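Here is a short report on one protein chain and its ligand. Look over the sequence and the structure first, then read on.

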Amino acid sequence: MNDAERQKFYRNVILDDETIKEIEQVIDADKRKTYKEWGLDNSNGLLLYGPPGTGKTTLAKQIAKLNGYGFLHESGSRFVEKYVGVGPKRMEGLFYKAKKMSRENGNMPVIVFIDEIDSIGCKRTEETNKEITNTLNQLFVELDGFDSNSNIITIAATNRFDILDEALVRPGRFDKKVKVGLPKQREREALFKLFGSKIKKKSKLPYRKFAEMSKGLSGADIELVIREATMRAIDSNKDKLTPSDVYAIIEKKTGKKKKIENKRIGYRIESVSAE
Ligand SMILES: Nc1ncnc2c1ncn2[C@@H]1O[C@H](COP(=O)(O)OP(=O)(O)OP(=O)(O)O)[C@@H](O)[C@H]1O
Ligand SMILES: [Mg+2]
């Protein structure tokens with residue numbers, strides 16, 4: 001990616017520098033070329049994991065817009081069917097389509113994105129539904145079938161890394177695992193700016209201050225803060241969004257989070273209340 005492409009790419013998905021660096025090691029065409037020149041195999045499997053609402057799906061949507069790549073998208077839950085054999089067939093079909101797309105476009109790299117991979121990739125037990133096991137096995141067949149020069153890049157996302165089957169995360173399958181964590185101060189400020197800039201009627205907003213107050217909130221939480229704050233301004237017959245509307249909602253949200261944390265409930269439940 002050149003500077004202009006990079007700027008455009010990260011305008012809608014806010015990530016910290018470390019995460020960006022790791023992701024680009026897989027998706028940046030120039031970097032992939034350089035690795036090859038040095039004799040390195042390219043990573044063809046990228047697993048994005050982290051708490052809900054941190055931008056994993058948003059990132060994949062941006063990747064889909066990258067020039068020079070094909071992109072296919074499927075959600076893990078779509079493989080879980082009540083009819084036997086549909087899941088594995090669908091998985092096989094997905095990769096067949098990817099290979100065909102690549103071949104028909106002069107070996108163009110094609111990204112296969114499987115969102116919410118935990119629906120098929122959870123640890124297998126005796127009770128695991130056979131259909132899920134077979135679908136996962138089919139994914140392994142597909143992943144193992146590519147050599148390092150393959151043009152198919154598989155990206156998967158989950159907010160439940162802890163429940164994934166070890167066979168899925170072992171080296172050689174999803175080689176590259178990148179945590180998309182909760183935004184830090186700098187990223188929160190950028191997220192407030194991103195969502196705040198969409199509001200047409202507003203006074204000058206102290207984005208940095210908002211970021212300082214909102215530790216622990218995800219990108220999705222921040223999007224909702226701006227939305228609810230704007231509704232608050234409208235409901236109280238103001239003619240524009242003001243900082244105090246945003247402060248009020250941030251306090252409400254972070255207060256709620258703190259209360260839940262004190263009850264020692266994990267982030268999954270916390271996020272339900274935040275979404
Ligand atoms: N890092 C981010 N950059 C830009 N927007 C973000 C970011 N994180 C969250 N958002 C906003 O929050 C919404 C939800 O984010 P997204 O669906 O990408 O989260 P996710 O990490 O995939 O969550 P889940 O694990 O629940 O699937 C998006 O529509 C986007 O507007
Ligand atoms: Mg998602």
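## Strands 2 and 3

Start at a facing pair: phenylalanine 71 stands opposite isoleucine 111, a residue of strand 3. The model is predicted. Strand 2 covers residues 70–75 and strand 3 covers residues 110–115. The two run parallel, joined by 6 bridges.

What lies between these strands in the β-α-β unit? Helix 5 (residues 86–104) does. Strand 2, helix 5 and strand 3 together form a right-handed unit.

## The nonpolar core

In soluble globular proteins, nonpolar side chains tend to be buried together. Here the largest nonpolar core holds 55 residues. Leu48, Val112 and Ile155 have the most contacts inside it.

Take isoleucine 155. Setting aside neighbours within four places in sequence, its contacts are Leu46, Leu48, Ala60, Ile111 and Phe113.

## The ligand shell

Which residues come nearest to ligand 1? They are Pro52, Gly55, Thr57, Thr58 and Gly219, out of 14 residues around the ligand. Two elements give two or more residues to this shell: helix 4 (56–64) and helix 11 (219–235).

The shell has 5 nonpolar, 7 polar and 2 charged residues.

## Two positive phi angles

Glutamate 116 is not a glycine, yet its phi is positive, about 50°. The residue sits in the loop between strand 3 and helix 6 (118–121). Is glutamate 116 buried, partly exposed or exposed? It is partly exposed, because 19 other C-beta atoms lie within 10 Å, and a residue counts as buried at 20 or more.

Asparagine 237 also has a positive phi, about 55°, and is not a glycine. Its loop runs between helix 11 and helix 12 (243–262). Asparagine 237 has 6 C-beta neighbours inside 10 Å, so it counts as exposed; the cut-off for exposed is 12 or fewer.

## The whole chain

The protein chain has 13 helices and 5 strands. Its C-alpha trace spans about 60 × 50 × 30 Å along the principal axes. Of its 275 residues, 33% are buried.

Key
Residues are numbered from 1 along each chain as its sequence is written. Chains are lettered from A and ligands numbered from 1 in the order in which they are written. This is a predicted model: local features need pLDDT of at least 70, side-chain atom pairs count only at pLDDT 80 or more; totals for chains, interfaces and linings use all residues. Helices (H or I, at least four residues) and strands (E, at least two) are DSSP runs, numbered from the N terminus. A residue is near a molecule or strand if its C-beta atom, placed from the backbone, lies within 6 Å of it. Ala, Val, Leu, Ile, Met, Phe, Trp, Tyr, Cys and Pro count as nonpolar, Asp, Glu, Lys and Arg as charged, and the others, Gly among them, as polar. A nonpolar core is a set of buried Ala, Val, Leu, Ile, Met, Phe, Trp, Tyr and Cys residues joined through C-beta atoms within 7 Å. Two residues are in contact if their C-beta atoms, placed from the backbone, lie within 7 Å. Two strands pair if DSSP finds at least two bridges between them. A crossover is right-handed if, with the strands pointing away from the viewer, the path from the first strand over the helix to the second runs clockwise.
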